[in-house]
Amino acid sequence: MLSRIPFPFEKGDKLRAYHQIKLLAEYYEIYLCAISDSNSIHNDAKQALSPYCKEINFIHVSWWQKVLGVCQAFFSGNPLQVGLFYNFLAKKKVDKWVRIVNPDFVFVQLLRVAPYFQSTDIPKVLDFQDALSMGVFRQIKSINFFLKPIYYLEYQLLNCYEKRLLEDFSHTSIISSVDQKWIDPENRHEIQLVLNGVDFGYYQPIDCEKDITLLFTGNMGYLPNVDAAEFLINQIMPLVWKQFPMAKVAIAGANPHSRVKSLASEKVLVTGFVQDLRDFYSRSQIFIAPMRLGSGLQNKLLEAMAMKIPSITTTLANNALNGTQNVNIMICDSPKEFADTISKLLSDESLREAISTAALAFVQTNYNWKEQVSKLHQLIEKSYE
């Protein structure tokens, strides 16, 4: 059960779900059920997923159902984002489909759709993916003053709900040790660490002209990415442009917020959705992910490193990645640290080559989809015990 249709891959949960489905299909017959906020037929998604799924069921939850769900969540003490994805009419459809399919086990991605199976007796595994409460908590400091009480309430509700789900699901998994410790600091419940991977057949080094100085990618409607884009252009780049006035930045990703669009200039390209990001990765001298908010693992860093692009990020993002400073990743936090590191990389081709070569080896060793999904397979098998 998924909270979104796992195709195309403009969001990290979609990418994770797709590759897990693809590889779990080697062991199981998969009946995919996903929430959709559109009545569209989703032919592209069905075409991409059909080779790995016995049946596919997309359940539409309309905008008015989302509003009703949020209201119900508020008065029942559940997180508001759970209300966005849960609806009693959708629950009836899911229950009917489950009776028809009669699955041996249920795999749920993200707590947003946990209520659909929370009370079922069927063996069930929950992939938290991220510690959502941690992501909301980190956003509180940067949002509008009038929204802070709502975000703080959502943080508290998520924090309690995550711990409740540890008791309701037989087994759980998560994307990084940072998120794992946030939800279960005493490690009593043994949340299984299942990292993301990289499609190395797709993301691989491409030799071409480097006409982009710095690249940042992601879903540009997502607050942590909006914050990072503003941090990059408003605080880091003015320092870089003093030394490299011709440096060009590309901000590539779907759904750019108005705040991101406003950053566009002669030196800053804001692309919107890009069908194939490999073109932008390969044309860039440096990849940068100046993340100050959010949770989980940054797929954008894995992809850039797999394409052998020297990458810079923050301590916050590297805590999940576990790269090694000055070996396979460059880690900075202040605008000056970023600017100095960018200048250092731009001025030293041999350093760029050393960092990018080590980065490729690092992701090949640690971020393999097949190895990670095998851990998930073992976790599912435990649900039968």
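A: Helices are DSSP runs of H or I with at least four residues, strands are runs of E with at least two, and both are numbered from the N terminus. Trp 63 lies in helix α3. The model is predicted, with pLDDT of at least 70 required for local features and 80 or more for side-chain atom pairs, while totals for chains, interfaces and linings use all residues. Residues are numbered from 1 along each chain as its sequence is written, and side-chain values use heavy atoms, without hydrogens or water.

Together with Trp 64, Val 67, Leu 68, Phe 88 and Leu 89, Trp 63 forms a nonpolar surface patch with about 610 Å² of accessible area in total (Shrake-Rupley method, 1.4 Å probe, only the protein chains shown counting as cover). Patch residues have over 30% relative accessible area and no salt bridge; nonpolar side chains (Val, Leu, Ile, Met, Phe, Trp, Tyr) are joined within 5 Å, like charges within 9 Å. Two helices, α3 (63-76) and α5 (88-101), each supply at least two residues of this patch. The largest share comes from α3, with four residues.

As for salt bridges (a side-chain nitrogen of Lys or Arg within 4 Å of a carboxyl oxygen of Asp or Glu), the structure holds 13. In one of them Arg 283 pairs with Asp 211, with 2.9 Å between the closest N and O atoms. This pair links distant parts of the chain, 72 residues apart: Arg 283 sits in the loop between α11 (278-282) and β10 (284-289), and Asp 211 in the loop between β6 (192-193) and β7 (212-217).
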